[in-house]
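Colleague: I am new to this structure and would like to learn how to read its features one at a time. Could you take me through them, giving the general idea before the particular case?

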Amino acid sequence: MVSNTLLHHLSSILLADTERAGLKQYIQSLLNNISSDVMVALYEPDISKQTLQAVLKLGNNNQTLPDFPNFLTADTSSLISHSYVMRSDYKTTRLHSHASSHTVFQQFQSQFSDNPWLSVSVLESSDEQIVHGVLVFLTRCEQSGQFLMDKNSPELAVLAALLVRAQREDKQNAQKYYLQHEVKRQGQHAYQQAQYDELNRQYVGNTGTCNKVKKAILHAASNKQAVLIEGETGTGKECIAKLIHHYSVGNNQPFVAINCAALPEDLISVELFGAKKGAYTGSVENKKGLIEAADGGVLFLDEIGEMPINLQATLLRVLNEKSFRRVGEVVERPVDFRLLSATNVSLAQHVEDGKFRRDLFYRLCQMRIKPPALREHLDDIPLFCQHFLQLYKEKYGHYQLTLSKQDITKLAQHNWPGNVRELENFLYSYFDSLIGQDSENDTLSECLQQWCEYSQLAQNNNSPVDDKLFDGDDLRVAVAQFERELISHRLQQYSGNRGLVADSLNLPKRTLAYKCQKLKIDHHEVSV
């Protein structure tokens, strides 16, 4: 019969948080009611039922527990495996009588200083249909725990019931974990798919090369590595950088861009690092640099191949030390930002030519993304046409504009050396020419032919400056005159559209506005 003490233990066990913990407590309570030394191991089959594993090892009287090895289920030369397969108990026998029949028992016996008694009892479900485990007893006294060997023992029946419930709980926990993991996995998949669908609308192109760029953007957004974007002018390098930032966790942090080719060498240090008041002529207040402004966010260095070699060393130090000094200061300021950079030249070749530091190159290209030239995915031109047409309609409200299939086919037959930017500029120029015109307006084919002829003329005579410019004796005046002539030339080319002029010169609009003011270019020439 089950004693009152065991009933007390059983009631507390049934209220336990887990059946597995209750099972262990119950076995321990049984052992604690036995005066002589007893050790017990509970063996359960693994999921494949190919191995019997010792899942619980307990003893009384503060004994040091030995290792209980696992057994192959199919190895019926093992007494324990044989008991499980044949559903038969083995009454108390000496351990050494089995050592000669199986090497595992030899190792088993070597762990004991004497020759203990061995007993094996099968734990079955109440309907005796399934064997759920095997109990193995090692005792110093032959009679110890003998009541547990009786199939009619209530203690053994309770133990079997607890084991069944514990295994059921294990299965439920495994299913719960699987479901939670599956829900999480499907949620992540749905989130990633939503991101990719949104990216499809922001980065136009559906050919293989464009899809690779999209995957690279999302991969770059999932980490904080430095990214080098290499591609021809007009392939959307800055767009890629902004998309990486947009899909990153820290997209609420600043995105600071600077074009290294658009700043004079003597000003780029000040623009990047800032300057102390009085550090240079005309410095009337402390100036915050772009690196400081990008703290916590992203610094995008466009055309980084044009960065002076001496400044490259300073940038490398900032990346290594995560600190910088304003021009004219000695105080180190901490800074932490992600660096994205872009170039339309081969930085690797610049390294070989000694124009770019090798160590900085390795820091920049922890990841590399190379957007394709438009001529490499002309099949995407219909998507670009529809995209730019929609943007133009949203910006200017001329919703009646359309492009015919013949027009799109004609555009797809052009090589577009200026890539997507050239296509965009041409389409906007073409749309502008349609507004307010009657049906006798030039066809797209004629406009495209004129565009190509003008582009070829610009290539053959890429300097609109008069030859007398070279007769001057003041370099600063000549540079200013060159800039003025070039900007004026582009303003005429793009009918005064400041945005298109800035894009064609690879300048931010604010820089173009500053130069127009500085060079005293007539305000009406820069109308939007």
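Modeller: Please keep in mind that this is a predicted model. A residue counts as buried when its relative accessible area is under 20%, and in strand β1, which covers residues 38–45, seven of the eight residues are buried, so the strand is largely enclosed by the rest of the structure.

Colleague: Which strands pair with β1, and in what sense?

Modeller: Pairing is read from the bridges that link two strands, of which at least two are needed. β1 pairs in the antiparallel sense with β6 (residues 131–139) over six bridges, and A41 stands opposite V136 in β6. With β2 (residues 51–59), β1 pairs in the antiparallel sense over seven bridges, and here E44 stands opposite Q53.

Colleague: How many residues lie between β1 and β2 in their hairpin, and which residue in the turn has a positive phi?

Modeller: Five residues lie between the two strands of this hairpin, and K49 in the turn has a positive phi of about 60°.

Colleague: Which residues of helix α3 are buried?

Modeller: In α3, which covers residues 79–86, the buried residues are L79, I80, S81, S83 and Y84. Just after this helix, R87 takes a positive phi of about 55°.

Terms used:
Residues are numbered from 1 along each chain as its sequence is written. This is a predicted model: local features need pLDDT of at least 70, side-chain atom pairs count only at pLDDT 80 or more; totals for chains, interfaces and linings use all residues. Side-chain values use heavy atoms; hydrogens and water are left out. Buried means under 20% relative accessible area, exposed over 50%, partly exposed in between (1.4 Å probe, protein chains only). Helices (H or I, at least four residues) and strands (E, at least two) are DSSP runs, numbered from the N terminus.
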